[in-house]
Amino acid sequence: MTEDAKRILFEFSDGEPFGITTVCRLLKCRQARAERALRSLIAAGMARRSRGNDRIYKLTPLGRDLGETQRRSA
């Protein structure tokens, strides 16, 4: 898992929905890099697109659990 993906898991482990712009600000990067990180999380089953709005994402229970684990160990 990339460091970018880990930062997304850590930041949004509370279940809060987020968009690509928020991820760009978090990672201080361009949209392409943020999209790669999100695609890797989706492929791993740790994030999904929100129902009704394909530009909003949420972490799955697996993603939230891993994010919480990271938060506790930090």
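1. Arg-71 has a relative accessible area of 36% and is therefore partly exposed. Please bear in mind throughout that this is a predicted model. The partner of Arg-71 in a salt bridge is Glu-68, with 3.9 Å between the closest N and O atoms; Glu-68 is likewise partly exposed, at 27% relative accessible area. The two residues belong to helix H4, where a spacing of 3 residues places them about one helical turn apart.

2. The structure holds 3 salt bridges, and another of them joins Lys-6 to Glu-3, whose closest N and O atoms are 3.5 Å apart. Both residues lie in helix H1, 3 residues apart, or about one turn of the helix. Lys-6 counts as partly exposed at 30% relative accessibility, whereas Glu-3 counts as exposed at 55%.

3. Arg-33 forms a salt bridge with Asp-4, in which the closest N and O atoms are 2.8 Å apart. Since Arg-33 lies in helix H3 and Asp-4 in helix H1, this pair ties together parts that are 29 residues apart in sequence. Arg-33 is partly exposed, at 33%, while Asp-4 counts as buried, at 14% relative accessibility.

4. In helix H1, which spans residues 3–11, the buried residues are Asp-4, Ala-5, Ile-8 and Leu-9. Viewed down the axis of H1, they fall within an arc of 140°, and so they line one face of the helix. Their cover includes strands E1 and E3 together with helices H2, H3 and H4.

5. Thr-60, in the loop between E3 and H4, is buried, with a relative accessible area of 13%. Beyond its neighbours within four places in sequence, Thr-60 contacts Gly-45, Met-46, Ala-47 and Arg-48.

How values were computed. Residues numbered from 1 in each chain as written. Predicted model: local features only at pLDDT ≥ 70, side-chain atom pairs only at ≥ 80, totals over all residues. Heavy atoms only, no water. Buried < 20%, exposed > 50% of the residue type's maximum accessible area, 1.4 Å probe, protein only. Helix = DSSP H or I, 4+ residues; strand = E, 2+ residues; numbered from the N terminus. Arc of directions from axis to C-beta. Contact = heavy atoms within 4.5 Å. Salt bridge = Lys/Arg side-chain N within 4 Å of Asp/Glu carboxyl O.
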